[in-house]
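Trainee: I have a new model to look at. Could you put it up and walk me through it?

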Amino acid sequence: MSETDNTSSQSQASGDVTIQMRGVHKWYGQFHVLKDINLEVTRGERIVICGPSGSGKSTMIRCINRLEEHQKGQIIVDGTELTDDVKHIDQVRKEVGMVFQHFNLFPHLTVLENCCLAPIWVRKMPRKEAEAAAMLYLEKVKIPEQAKKYPGQLSGGQQQRVAIARSLCMNPNVMLFDEPTSALDPEMIKEVLDTMIELAESGMTMLCVTHEMGFAKTVADRVIFMDGGEIIEENEPHEFFNNPQSDRTQLFLSQILQH
Amino acid sequence: MSVHTPHPDLPPPLSSVGFIGWCRSNLFSTPMHTALSLFAMYLIYLTVPPIISWVFLDATWVGDTREACASSTGACWVFVKVRINQFMYGFFPETEYWRINLAFGLLIVLGIPLFLKRFQHKGKLAAFILIFYPIITFQLFSGGNFGLTHVETSKWGGLSLTLILAGVGIVASLPLGIVLALGRRSKMPIVKSVCVVFIEFWRGVPLITVLFMSSVMLPLFLPEGTNFDKLLRAMIGIALFQSAYMAEVVRGGLAAIPKGQYEAAEALGLSFWKSMGLIILPQALKLVIPGIVNTFIALFKDTTLVLIIGLFDLLAIIQQAFADPDWLGYSIEGYVFAASIFWIFCFSMSRYSMSLEKKLHTGHVR
């Protein structure tokens, strides 16, 4: 752990930009879902994105690994611009991990096979090496004993932790989280959040779409509030929660923090 | 603070378990069920004993001529016994039967390791069987090389022809069907429309028409002097016809895989073919095993239609034997024999698919 901490602080100090979004627009048919998104993420930065449903927050982070196509503007990830070029897309996807709301583990493969698949087939890693690395990450998310089981035999929280480990096995520079705790029972949310906090502390660049405001307060370097396909406000968490600038943000915060 | 102790599990009441419990809940649960159960038992009593005595008890098994059956009231299996070689090998020269036996024996020997749990190289063996076995079999059947006498395809027949037609159809139609199904779901408009047109054309035409066209019409369009084996034409017709059905079965499986699986595969950086081969198809094909086997079984039985283009498969060669003046009037035995052979093969396929489904079951998609 201490090793990764060191490297992360170095990269943070250099402050280089990992993700750049410039004037990004996206439409679903006639529906204008992303409007002029401008965002820069530096290496090692932890960003939480919140906002009401349908505000375009998931769509935005899904544009970063091209699960969604943007129609206007520029997205540059680690120096690679996302265009129709399949090579560029593959390059970006190798470096960007993603965790989904519904885990999306592969049910026909064991936990270990889920984790090894992409390193073996995309990174061309020898199987033994990939398995050893996978076990390391499974230990990190605290479920090495489940490696031989199938996803269907695990609880939701365990599945989500496997999903995190699966992404980490590709050794990504950036991790995207698309509402990782929204499909979980309250008892399981904590174990997943703890894993995410640990990951954040190790210096991973993270973009999380989440409604867990506690997580945002403890981990985030920056909180972004979106509504109607626009970034309404972005600030560091203390300011964001205590001194929101826009009335829309105030209303949103009052609604989610009241109960 | 009070401590919560869960209630212990109690055994079920005696009347609901065991044989009596089973009968009570499944056969005699209400007066209506009781009446239906008794009626069904009466029907079984009426039909099953006579069938058993016709097929087994009163049947004639020994002898070489129809005189052996003259006194019996049951089935005359002597008819089948006398003709069995023809039913199995068609008009293949008698001295060359060993070639057919060798071909099918080889398949069994090669196939056994695939069912052994401890055998390590299943993939390689399966690839060998798919690539080299057809070549070996073709050499054995057709001959002409390695000192084997040439046997024309018109002499192939009986069960061996049925198995060859079905085998070629099954092996060709599954991969072709998968490609067509993927093509039909493609975002590329030309690929998609080619696949849609292909599938809809072949599904819209009866197999009889396909076979008839391939044997009678096709030669009219081909340049004069081109000789294109009739059996080969039938095989191609059957494979293309069934692949259209297979494509729709596979497409059903592809549609049942949640979008999240495609996205997770993409997000990990897997290319289209890798994500299909490693993630989507293994799950989709597993889901549609019943549909695939259904198509295989239909294909197996549809091979009997080749009799209209003059190929003598199992059914055709049995029917042809009815015309033998020595054995007039034994068509029931022939049909029962044909039916039981077909039933054995189809039922085995069905059982195999069930065991495969069980083996591949690893929990549910979330």
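Mentor: One term to begin with: two strands pair if DSSP finds at least two bridges between them. Helices (H or I, at least four residues) and strands (E, at least two) are DSSP runs, numbered from the N terminus.

Trainee: And what are we looking at?

Mentor: This is a predicted model, where local features need pLDDT of at least 70, side-chain atom pairs count only at pLDDT 80 or more, and totals for chains, interfaces and linings use all residues. Residues are numbered from 1 along each chain as its sequence is written, chains are lettered from A and ligands numbered from 1 in the order in which they are written, and side-chain values use heavy atoms, with hydrogens and water left out.

Trainee: OK, chain A. Which strands form the open sheet, and in what order?

Mentor: Six strands of chain A make it up, in the order E6-E7-E8-E3-E9-E10, with mixed pairing. At the edges are strand E6 (96–99) and strand E10 (230–235) of chain A, each of which pairs on one side only. Direction ignored, neighbouring strands of the sheet are turned by 20° against each other on average; axes are lines fitted to C-alpha atoms, for helices over the stretch in contact, and angles run from 0 to 180 degrees between N-to-C directions.

Trainee: What pairs with E3(A)?

Mentor: Strand E8 (residues 205–209) of chain A pairs with E3(A) in the parallel sense over four bridges, and A:Ile47 has A:Leu207 as its bridge partner in E8(A). E9(A) also pairs with E3(A) in the parallel sense, again over four bridges. There A:Val48 stands opposite A:Val223.

Trainee: Are the residues of E3(A) buried or exposed?

Mentor: Strand E3 (residues 46–50) of chain A is mostly covered, with five of its five residues buried. Buried means under 20% relative accessible area, exposed over 50%, partly exposed in between (1.4 Å probe, protein chains only). A:Arg46, A:Val48 and A:Cys50 lie on one side of E3(A), and A:Ile47 and A:Ile49 on the other.

Trainee: How does E10(A) join on?

Mentor: Strand E9 (residues 222–227) of chain A runs antiparallel to E10(A), and five bridges join the two. In that pairing A:Glu234 of E10(A) is the bridge partner of A:Ile224.

Trainee: Which helix lies across E6 and E7 of chain A?

Mentor: Helix H3 (residues 86–95) of chain A does, running at about 65° to E6(A). The E7 in question is strand E7 (174–178).

Trainee: Switching topic. What does E1(A) pair with?

Mentor: Strand E1 (residues 17–28) of chain A is joined by eight bridges to strand E2 (residues 31–42) of chain A, and the two run antiparallel. A:Val24 stands opposite A:Ile37 of E2(A). The hairpin has two residues between the strands, and A:Gly29 takes a positive phi near 60° in it. E1(A) also pairs with strand E4 (residues 72–77) of chain A, antiparallel over five bridges, with A:Gln20 opposite A:Ile76.

Trainee: Now cysteines. How many disulfides are there over all chains?

Mentor: Zero, counting a disulfide as a pair of cysteine sulfur atoms within 2.5 Å. For A:Cys208, the nearest cysteine sulfur is that of A:Cys50, 11 Å away.

Trainee: Is A:Cys208 buried or exposed?

Mentor: A:Cys208 is buried, at a relative accessible area of 2%. B:Cys195 is buried too, at 8%.

Trainee: And chain B: which residues of H12(B) are buried?

Mentor: Among them are B:Ile289, B:Ile292, B:Val293, B:Phe296 and B:Phe300. The buried residues of H12(B) pack against helices H6 (158–184), H9 (230–256), H11 (272–287) and H14 (331–360) of chain B, where contact means heavy atoms within 4.5 Å.
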